[in-house]
Amino acid sequence: MAIDGGGTRGGAGGTGGDCAGHGSRGATPSAELAAEMRRIKGVMELSYGQLAQRTHYSRSSWERFLNQKQLPTRIAVEQFAAASGQDPRPLLIRLERSLAHESAGRTGGAPAARPGGGPVGAAPADATGDAPAEDGPGVRPVVRSLALLTAGALAGGLVTLLARESRLRHGL
């Protein structure tokens, strides 16, 4: 069941009144996402406790997500949509805009400069003084994701080796 913009407010866990930033042009994408999620929560008369029961996130996590203290994860948004009977796509679009806005805010909307010229993360100029071609947007998040994945795999392997050695020492 989808909720249209003319839904009513109130009920258990409702916000009552207008949501800050909802529909205003100057609001950030994360404010709009939180406002829309609060609106749906209110219309569906869901409490934070009910959201926690229907998802893998705690009551306090939902309070942080819906009150703009923390940006929800993609999985949290998908679970919220499922718990409230909504199509997740509009919320996921808002989440993507929020992530892009947050990322642009960290870099000031443009690549940061590094000593010696060129954006941070760009390869230095070669011997001829020519800068190499840009890798394009999104390269740094991919590299960071691969680094985290590699670190996780190494940590998992280390834990497995330590567990195996412990079992061998104890004759299990």
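Guide: In this predicted model, the largest nonpolar core has 18 residues, and those with the most contacts inside it are Met37, Leu51, Trp62, Phe65, Leu66, Phe80 and Leu91. The elements that each give two or more residues to this core are H1, H2, H3, H4 and H5, and H4 gives the most, with five residues. Helix H4 covers residues 74-84, and its buried residues are Ala76, Val77, Gln79, Phe80, Ala81, Ala83 and Ser84; these pack against helix H1 (29-43), helix H2 (48-54), helix H3 (59-66) and helix H5 (88-107).

As for the aromatic rings, a search of the whole structure finds four aromatic pairs. In one of them, the rings of Trp62 and Phe65 have their centres 5.4 Å apart and their planes at 85°, so this pair is edge-to-face. Both residues lie in helix H3, three residues apart, which is about one turn of the helix, and both Trp62 and Phe65 are buried. Trp62 also forms an aromatic pair with Phe80, and this one is tilted, with 5.7 Å from centre to centre and 45° between the planes. Here the pair links distant parts of the chain, since Trp62 belongs to helix H3 and Phe80 to helix H4, 18 residues apart; Phe80, like Trp62, is buried. Together with Tyr57, the residues Trp62, Phe65 and Phe80 form one aromatic cluster.

Leaving aside residues up to four places away in sequence, Phe65 touches Ala34, Tyr57, Gln70, Leu71, Pro72 and Ala76. Finally, where helix H4 ends, Gly85 follows, with a positive phi near 70°.

Note on methods: Residues numbered from 1 in each chain as written. Predicted model: local features only at pLDDT ≥ 70, side-chain atom pairs only at ≥ 80, totals over all residues. Heavy atoms only, no water. Buried < 20%, exposed > 50% of the residue type's maximum accessible area, 1.4 Å probe, protein only. Helix = DSSP H or I, 4+ residues; strand = E, 2+ residues; numbered from the N terminus. Contact = heavy atoms within 4.5 Å. Core = buried A, V, L, I, M, F, W, Y, C linked by side-chain atoms within 4.5 Å. Phe/Tyr/Trp six-rings, centres within 6.5 Å; stacked < 30°, edge-to-face > 60°.
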